[in-house]
Amino acid sequence: MSNAYTEARSSFNLSIPENPNFATHIFDKYASDPTLQAMLWVSADKPRPRIENLSYAYFAERSHRVACALYNLGLRKGDRVLLMLPRLPAWWEIALGMLRLGVVLVPSTMLLVAKDIEYRLEASGARGFIGSVDSASQFIRCRKFPKSLEFTILVEDYYNNQNLPDSKHKWTTYSDLLASVPENTKWKGTTFKHDDPSIIYFTSGTTGMPKMVQHTQISYPFGCVITGKYWLKLQPGKIYWNMSEQGWAKAAWSFFAAFVTSSPFEYD
């Protein structure tokens, strides 16, 4: 066992904040510096992809509005919502808004087809589904929907502006959802306990039906500082290149580890 490992293990201390919430403790605090970059996003457009530099202030502002808008729709702390989007900035905006409100995020890979979505909706007791044109096109092919499902939100296709095929569901577009809340509106806040749920991943289902794995406000959101600091070895100002689709649990390394580790502020 190396001296460096022994020293790191003996000196490590994970600070656990009171009323823990990733969006509040990380993004709101980092947003105090409007120049602090959170993401360098590159689109899939060919031959010339779009490049956007997105700040912590940007994600903080958008996620506050998302939290308020979802609350106005009727979603509450502890409700579960499936989020099935490609790697668009809207994924992070919505996910942070859900975490901020206390809605339990259920990330879903874009590889899912109708029967997979149907299974996850039923197993999770989801109250809402948020998807792109592609994922919503699979969603509407589900044979049945759980009684718990009330809300369907469509994040418009950023690339070809396709229209969603006819559906019996009433879709709210993401642009309308954001427009329903004035810019710079602040979510008043939710009180959290350490063991409150924050996110549910489904296993891959290679040896049986996929199983739900629930994480608390601490386990992944703050626990991933270990991944970022000691495995990915992230530092302020470094760029972490993520190619993992956000529906997989491994994507938590980019969602949580990069943001909680690579910024110059303390999070406690």
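Let's begin with a count: across the whole structure, a search turns up 10 salt bridges. Keep in mind as you look around that this is a predicted model.

Start with Arg100 and Asp28, which form a salt bridge whose closest N and O atoms are 2.8 Å apart. Arg100 sits in helix H4 (residues 89–101) and Asp28 in helix H2 (residues 22–30), so this pair ties together parts that are 72 residues apart in sequence. How accessible are the two partners? Arg100 has a relative accessibility of 3%, so this residue counts as buried. Asp28, at 26%, counts as partly exposed.

Now turn to helix H3 (residues 56–73), which holds both Arg65 and Glu61. These two residues are four apart, about one turn of the helix, and their side chains meet in a salt bridge with an N to O distance of 3.4 Å. Is Arg65 buried or exposed? Its relative accessibility is 7%, so Arg65 counts as buried. Glu61 also falls under the 20% cut-off for buried residues, because its relative accessibility is 16%.

Asp45, Arg50 and Glu52 are linked in a network of salt bridges. Within this group, the side chains of Arg50 and Glu52 meet at 3.2 Å, N to O. Arg50 is partly exposed, with a relative accessible area of 32%, and Glu52 counts as partly exposed too, at 27% relative accessibility.

Definitions and conventions:
Residues numbered from 1 in each chain as written. Predicted model: local features only at pLDDT ≥ 70, side-chain atom pairs only at ≥ 80, totals over all residues. Heavy atoms only, no water. Salt bridge = Lys/Arg side-chain N within 4 Å of Asp/Glu carboxyl O. Buried < 20%, exposed > 50% of the residue type's maximum accessible area, 1.4 Å probe, protein only.
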